[in-house]
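Biologist: Hi, I have a few things to ask about this one. Could you put it up on the screen and take me through it?

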Amino acid sequence: PKTDIVFLKVHKSASSTVMNILFRFGETHNLTFAFPIGGGNQLFYPRHFLASFVQGFSPSSPQRFNILCHHMRFLQPEVHKVVSSSAFYFSILRNPVKLMESSFAYYKGASAFSRVRSLEEFLSQPYHYYNPTEGDRHYARNLMTFDFGFNPDGEVSAKRVQLMLKAIEASFDLLLISEYFDESMVLLKEMLCWDLDSVVSFPLNIRDSSTKSPLSDTVVEKIKDWNRLDWEIYTHFNRTFWERIDRDIGRERMQREVKALRERQGELARTCLQGMGSVAPKHIKDSSLKPLQHGSARILGYNLKQGLDKETEHMCRRLVTPELQYSSALYKKQFPQKSP
């Protein structure tokens, strides 16, 4: 199994669920994480990543970390300084239409969104609300482009798009698609030589559907236009994702693998969860399992079954521990002398 991994955690793209998978794998195999200094949950985002942002990094004794997975704005030469040269690089993408709808609810406080009542209102005259010089502008436009390290306000020319796609292809071994999450996990498992249980997960940091709004065709087209660079990235890598499945796994085997993954997930849900699924924040009984609530989104969580034996309880708890709590527990374990 591969143990040196860089995951670019793209915002609002099921990346918290992927991060939980990496946290569990790292914990099980006693791996080191490249934590932000002081144990925060972002590597000084939205600044471009620097090796000096990592707790325990020093240029004089270049310690390499196994897993780099906290939010960062990608800058490969700096990433190279903190991980092994043979590290496996991957990220996950999401349809920019869904991503923007999610971003609008989650980052409602961002300068571009704070003065509008609806996404439609914002898109009717975006430059009235959007200021390219604001420090938090990226939440409102081409968020994936920004996370990959590029300029979200760059012109959309064929040449520029090609250069961007080539750069991403040169840096990353695999790009997953959040709309095909189970297929993505099968592909990841294959590429990392991991076993099935290592990629099983319950969806984390997801919104209650009552805060999701359906979008009209006109709005969908406006979102694509406004996020044209993201749209180019997504459509290109959605295509190569399926090409890779056809080349490396084949559709039939993929179906079998996805079925096995879902069956195992169902089994774990029956073992671990009260009521089999996610619940609204106010119904989460164990406060240590409450996810951070942000913007106008309502983030769901889980209740564990009572009376589980110690080992099962430990396994189940890790599956449903929200990102911030899990990250802080692992930080304390790796740096026992510091408190985050």
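Modeller: Happy to. Let's start with helix α1, residues 15–28: at 1.5 Å a residue its 14 residues should span 20 Å, and the end C-alpha atoms are 20 Å apart, which agrees. The expected span is 1.5 Å times one less than the number of residues. Helices are DSSP runs of H or I with at least four residues, strands are runs of E with at least two, and both are numbered from the N terminus.

Biologist: What should I know about the model itself?

Modeller: This is a predicted model, where local features need pLDDT of at least 70 and side-chain atom pairs count only at pLDDT 80 or more, while totals for chains, interfaces and linings use all residues. Residues are numbered from 1 along each chain as its sequence is written, and side-chain values use heavy atoms, leaving out hydrogens and water.

Biologist: Back to α1, how many of its residues are buried?

Modeller: 12 of the 14 are buried, so α1 is largely enclosed by the rest of the structure. Buried means under 20% relative accessible area, exposed means over 50%, and partly exposed is in between, using a 1.4 Å probe and protein chains only. Among the buried residues of α1 are N20, F23, R24 and F25.

Biologist: Which residue just after α1 takes a positive phi?

Modeller: That's N30, with a phi of about 55°. A14, in the loop between β1 (5–8) and α1, also has a positive phi, near 65°, in a residue other than glycine. A14 is partly exposed, with a relative accessible area of 32%.

Biologist: And N142, is that buried or exposed?

Modeller: N142 is buried, at 2% relative accessible area. N142 sits in the loop between α5 (126–129) and α6 (143–147), and its phi is positive too, near 45°.

Biologist: New topic: how many disulfides does a search of the whole structure find?

Modeller: One. The disulfide joins C272 to C316, with S to S at 2.0 Å; the cut-off for a disulfide is a pair of cysteine sulfur atoms within 2.5 Å. The torsion about the S-S bond is about -70°, so this disulfide is left-handed.

Biologist: Where are the two cysteines in the chain?

Modeller: C272 is in helix α12 (residues 251–272) and C316 is in helix α13 (residues 310–320), so the pair, 44 residues apart, links distant parts of the chain. C272 is buried at 0% relative accessible area, and C316 is likewise buried at 0%.

Biologist: At what angle do α3 and α10 pack?

Modeller: Helix α3 (residues 96–106) and helix α10 (residues 217–226) pack at about 95°, with axes 9 Å apart. That makes α3 roughly perpendicular to α10, a label for angles of 65 to 115 degrees; under 35 is roughly parallel, over 145 roughly antiparallel and the rest oblique. Axes are lines fitted to C-alpha atoms, for helices over the stretch in contact, and angles run from 0 to 180 degrees between N-to-C directions.

Biologist: Which residues make the contact?

Modeller: P96, V97 and M100 from α3, with V220, I223, K224 and W226 from α10, where contact means heavy atoms within 4.5 Å.

Biologist: Last one: which peptide bond is cis?

Modeller: The bond from Y45 to P46 is cis, with omega near 5°. P46 lies in the loop between α1 and β2 (67–68).
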